[in-house]
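This report describes a model of two protein chains. Please keep the sequence and the 3D view open while reading.

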Amino acid sequence: MPSRERKATLMTTFTEETRARAREIIARYPADRSRSALLPLLHLVQSEEGYVSPAGVTFCAEVLGLNKAQVGAVATFYTMYKRRPTGDYLVSVCTNTMCNVLGGQEVYDTLVEHLGVGHDETTADGKITLEHAECLAACDYGPVMTVNYDFFDGVDPQGAVGVVDELRAGGRPMPTRGARLCTLKEMAVQLAGFADERDGAVADGGPGAATLRGLRLAEQHGISAPGYDPKTPIRSKAEADRAAAEAKAKAEAAKAPAPAAPAAKPEQITGSTAPDVKAPDDKSPQVRTAETRQPDAATAVPDAPGTKVPTDGPPPASRDAQAAQAAGVAANTPAGDGKPAGDEAGAQERNLKEAEAETGAAGAGSAVASETGAQK
Amino acid sequence: MTTPRPETLAKLTPVLTRRWISPDAWRIGSYENLDGYAALRKALKAHPDDLIQLIKDSGLRGRGGAGFPTGLKWGFIPQGDGKPHYLVVNADEGEPGTCKDLPLMTHDPHSLVEGVIIASYAIRANRAYIYIRGEAVHAARRLRNAVAEAQAKGYLGRNILGTGFDLELVVHSGAGAYICGEETALLDSLEGFRGQPRLRPPFPATHGLYASPTVVNNVGTIASVPYIVLGGADWWKSMGTEKSSGPMIYSLSGRIANPGQFECGLGVTLRELIELAGGMQPGHQLRFWTPGGSSTPLLTAEHLDVPLDFEGVAAAGSILGTTATQIFSDQDCPVYATYRWLEFYHHESCGKCTPCREGNYWMVRVYRRILAGQGTHEDLDTLLDTCDNILGRSFCGLGDGATSSVTSSLQYFKQDYLDYIEGRTAPKLSDKQLVGAH
């Protein structure tokens with residue numbers, strides 16, 4: 001419910017350019033999912049005001065049809081949304097463990113003393129906001145410092161003081177890697193998802209020595225990953241099935257335990273978004289369903305004579321759902337692919353086992369996995 | 001600093017890093033001259049299920065830390081369910097020590113874009129997102145440029161290369177929250193909420209982004225896909241070990257002569273990696289190291305020959321994680337290092353669950369007390385007890401990860417703690433940093 005006061009704030013604070021950009025941001029996301037635009041919109045209001053002001057919160061709420069409390073809750077969660085006016089340059093010094101022991105703490109302490117400001121504070125001339133940061137993902141260049149998020153590598157106290165002095169004197173020192181500096185507000189436009197319009201800025205900054213370390217070593221000694229042939233064909237499912245069947249037949253003939261032939265697992269295929277591609281195999285839906293229900297049945301040879309075809313199979317999707325559920329549970333243990341890698345060894349083992357068992361026992365796998373999930 | 005021996009050099013397998021050395025590989029023209037988008041043309045001629053099978057056959061496992069089999073993850077997406085599917089790339093690199101995804105996106109952004117298109121085609125997604133860490137501005141710059149170039153060339157958008165396949169790709173910058181690297185927190189953040197992990201089940205495979213089937217994969221995982229499409233599953237498996245196939249980018253930092261990125265087959269050892277990095281810095285002796293970022297338990301000099309693959313590191317009592325090996329020497333204090341990591345987890349805890357929010361808050365204070373020379377023997381029990389209450393009782397892996405360095409440093413370096421407590425080591429923190437510690 002926009003009050004008169006709020007409308008007045010909007011009218012006075014944000015330019016037509018910002019509002020046009022806001023519309024562009026919202027259009028990136030599905031029509032009924034406009035809330036996804038909130039993070040970029042918060043970056044956008046910072047591009048005009050340098051921080052997320054009450055007016056900025058109101059603006060985001062207004063354009064997304066949220067209330068201010070909903071926007072405020074998000075804005076206060078993320079480190080990059082500043083709650084007080086910032087300087088033209090945000091100087092962040094990494095003081096996490098690696099940079100810290102390599103001298104980052106000393107750099108930070110020196111800057112605190114030199115600038116006379118502490119963490120998240122701005123110099124009186126409005127030029128520099130200082131902060132200590134938690135791991136900037138450049139440990140091979142430690143200790144590192146960033147200015148408006150572009151890197152200055154391997155800094156020492158003197159070097160850092162030199163950079164901030166140059167900034168305060170109106171200069172723009174060139175980052176070690178990354179593009180030439182812009183102001184924090186200009187950077188916020190890029191963070192909102194817009195291209196860097198400065199001529200040639202995208203081309204700035206080649207790879208540093210540490211980035212190329214292994215590559216250069218390989219190049220010097222003429223080493224490459226062996227056996228790479230980009231023309232290797234992609235095996236179709238039918239071919240994989242055939243290969244597995246042959247392997248099985250061979251194994252049976254040799255009366256040896258079945259070799260670990262790749263693939264050839266019964267798996268049904270349902271809809272596809274890809275036209276003009278042939279069906280992956282020639283199986284009828286009933287056969288696939290049968291294979292799903294009786295994974296141990298002798299169906300390695302597709303549609304072999306005598307294959308039993310029960311007709312009361314469940315709709316294919318249900319097994320997919322089951323498997324998906326199981327996958328989720330298995331993937332649960334800490335982060336499927338996320339950073340907090342606190343995965344216990346046991347869970348990884350389970351994941352692997354499940355991967356091996358694969359479609360073999362989707363039902364059982366799901367039960368086991370659910371149990372694990374419940375304990376978590 | 002010596003030249004590595006030939007047998008150690010042979011461990012190098014430059015695949016994903018290969019193009020970084022070409023200064024213009026981030027431009028689409030140069031990328032195309034270096035096999036770029038050849039994999040896409042090849043993949044679009046295959047059936048999506050054949051691609052999923054190919055990735056399964058390759059044994060590719062997630063490069064973000066947990067090592068979940070990628071093909072299996074893709075296969076879990078229910079097909080023909082009438083719902084939109086999504087591919088979300090986790091580019092929120094921020095695990096302390098980890099620095100492999102940012103250079104990849106900066107110097108070879110098209111390989112990620114190409115991987116995204118192929119993966120989306122395989123799981124039948126028409127929308128994909130790359131959620132990139134907010135601070136990674138230069139990588140985002142290059143990535144946005146790459147997406148625009150790919151769009152202009154018809155590799156993205158409607159009717160890609162005339163196949164009828166549509167894909168929209170958005171590069172979405174985060175805003176500074178480590179927790180958003182946890183896949184469900186990432187999804188919440190992408191939906192415009194605070195980045196807090198979700199209760200599971202349901203899982204992203206069925207109820208991910210916008211409650212629809214979603215694959216969340218790490219940058220390195222998706223960037224591997226074009227190479228597997230071109231070179232085949234058997235070639236991919238020729239690198240690495242039986243259960244951990246393929247090459248991996250090892251990020252070496254700390255007290256070594258030449259820190260940096262080294263791409264080797266999974267299963268290389270730290271001894272070999274240090275040799276590749278020119279040995280330890282003069283005057284430094286290896287004391288402790290993380291195999292895969294700060295969320296993985298510390299290892300010591302006795303683990304130099306542990307094969308760094310998922311199984312080998314697990315057997316040594318740690319986790320492969322992101323293969324970010326931070327190397328510390330006899331001149332570094334494990335107690336102080338752990339304290340700094342805990343400050344990180346305390347700062348980054350999202351606050352949703354009590355064990356992580358409160359546990360890390362209090363452990364930081366106990367560490368400050370110990371490092372200020374005012375610790376007691378009971379403090380060590382308090383730390384272990386707190387870890388016990390966080391590990392396995394937190395909502396997500398962030399809490400579990402926070403305990404890794406505490407318990408492992410107490411396991412290997414208890415004497416260092418006792419030296420502070422019993423006054424043999426000079427305090428590292430002053431009294432004024434102790435406010436609120438009691």
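## Basis of the model

This is a predicted model: local features need pLDDT of at least 70, side-chain atom pairs count only at pLDDT 80 or more, and totals for chains, interfaces and linings use all residues. Residues are numbered from 1 along each chain as its sequence is written, while chains are lettered from A and ligands numbered from 1 in the order in which they are written.

## The sheet of chain A

Chain A has 14 helices and 5 strands. Helices (H or I, at least four residues) and strands (E, at least two) are DSSP runs, numbered from the N terminus.

Strand β4 (residues 145-147) of chain A pairs with β5(A) in the antiparallel sense over 3 bridges. T146(A) stands opposite F151(A) in β5(A).

Of the 376 residues of chain A, 46% count as buried, and of the 438 residues of chain B, 68% do. A residue is buried if 20 or more other C-beta atoms lie within 10 Å of its own, exposed if 12 or fewer, and partly exposed in between, with C-beta atoms placed from the backbone. Two residues are in contact if their C-beta atoms, placed from the backbone, lie within 7 Å. Among contacts between residues at least 6 apart in sequence, 60% in chain A join residues at least 24 apart; in chain B the figure is 72%.

Chain B has 19 helices and 9 strands. Its C-alpha trace spans about 75 × 50 × 35 Å along the principal axes.

The axes of helix α4 (residues 48-58) and helix α11 (residues 219-231) of chain B come within 10 Å and cross at roughly 95°. The two helices are therefore roughly perpendicular to each other, a term for angles of 65 to 115 degrees. L54(B), I55(B) and S58(B) in α4(B) meet V225(B), I228(B) and V229(B) in α11(B).

R357(B) is in helix α16 (residues 354-371) of chain B. It is partly exposed, with 17 other C-beta atoms within 10 Å. Not counting residues up to four places away in sequence, R357(B) touches S349(B) and G351(B). The C-alpha atoms of R357(B) and G399(B) are separated by 8.3 Å, with the two residues 42 apart along the chain.

## The contact between the chains

The contact takes 109 residues from chain A and 137 residues from chain B. On the side of chain A that touches chain B, α12(A) gives the most, with 11 residues.

Methods: Axes fitted to C-alpha atoms, helices over the stretch in contact; angles between N-to-C directions. Parallel < 35°, antiparallel > 145°, perpendicular 65-115°, else oblique. Pairing = 2+ DSSP bridges.
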